[in-house]
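Subject: Structure handover

Hi,

Here is the structure for your files. My notes on the interface follow below it.

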2 protein chains.
Amino acid sequence: MKQEIIVFRYGHREVRDYRVTSHCALVSRALGAKRIIICGEKDESILNTIKGVNERWGSKFKVVFVKSWETELKKIKKKGYCLVHLTMYGEAVQEKEEAIMKHKKICVIIGSQKVEREVYHLSDYNIGVTQQPHSEIAALSIFLDRIQQGKELGNVFSGANRKIVPQKHGKKVIGLK
Amino acid sequence: MKQEIIVFRYGHREVRDYRVTSHCALVSRALGAKRIIICGEKDESILNTIKGVNERWGSKFKVVFVKSWETELKKIKKKGYCLVHLTMYGEAVQEKEEAIMKHKKICVIIGSQKVEREVYHLSDYNIGVTQQPHSEIAALSIFLDRIQQGKELGNVFSGANRKIVPQKHGKKVIGLK
């Protein structure tokens, strides 16, 4: 089953978080999420990064900025999304992924700085990708790969103006427009 | 089979790359690599970050800085490691992972800025985790999860002074020393 997946990035700070949040956005796009909702300071540079990537490599992936995590998460929940908060304090992904992947609409929540206690309670699942500190980008990637059982790796995006031809050694890119 | 895995981070720049390279180091540690070799400017803050994480959460994961990628990669290859360079221009991970995971010693190479042409040729495999631009942290995570078939998610690190007890909602950490 192909789920509808969105990503919610909690607590973005302009400039300081630019690179990590861009990685989160690019990973969400590449691994099949429909959009990323970023809670925090609006950051034009991220919008521009994604706009450029969509133009060159295809897809209609969207970036949205919101101010209140609480209002937004409650709205998302009301729309029928299963809220999955990725945190090292949560239950093991390998034990819960089967139950989660049955949901048709999934919102993956990833934090940066300290996440409010209420996010843990509002979420349907709190999921740990290991119980070790590492990276929200890594947790997001592994989670998306697992709940889609690797099918997202073969995604093809429409509207690209170039395409990679995979090579054993070297680079090959062909123009499409 | 449990492989011996090391990670080679190409082209680190001090300050500018601190967060992304720390994520790479933390992911390597959490997902079972033995050490990360960072090629570029020596960065005390990364050494300190990992030292602190090892003290609190266990493991003897090591960070090593080297100056020449060429000397180092040739040395690693001589020691019998299979060199796997992660790049969007490479062959699809889902098609090559079975062959790669049979190797006993694997060195995963991840770049940041432009990677020299020779790295593509020196590597035994050039592997794409999707043919889309995203994140070296994401590519590394998915690759490590796949070649270890998820077994790394259950790793337990010795020497920790605390331990997480996974929770449905909330946080629980217990002291071990």
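Between chain A and chain B, 18 residue pairs are in polar contact, both residues at pLDDT 80 or more. A polar contact is a pair of N or O atoms within 3.5 Å; within protein, one must be able to donate a hydrogen and the other to accept it, and residues adjacent in sequence count only if both atoms are side-chain atoms.

This is a predicted model: local features need pLDDT of at least 70, side-chain atom pairs count only at pLDDT 80 or more, and totals for chains, interfaces and linings use all residues. Residues are numbered from 1 along each chain as its sequence is written, chains are lettered from A and ligands numbered from 1 in the order in which they are written, and side-chain values use heavy atoms, with hydrogens and water left out.

Six salt bridges cross the interface (side-chain nitrogen of Lys or Arg within 4 Å of a carboxyl oxygen of Asp or Glu). Arg146(A) pairs with Asp145(B) in a salt bridge, with 2.9 Å between the closest N and O atoms.

The contact (heavy atoms within 4.5 Å) involves 53 residues from chain A and 52 residues from chain B. The two chains bury about 4,600 Å² between them, 61% of it on carbon and sulfur atoms. Buried area here is the accessible area (1.4 Å probe) that two parts lose on being put together, summed over both. Of the area that chain A buries against chain B, 16% comes from Arg19(A), Tyr89(A) and Leu153(A), more than from any other three residues.

On confidence, the model scores ipTM 0.97 and pTM 0.97.

Best wishes
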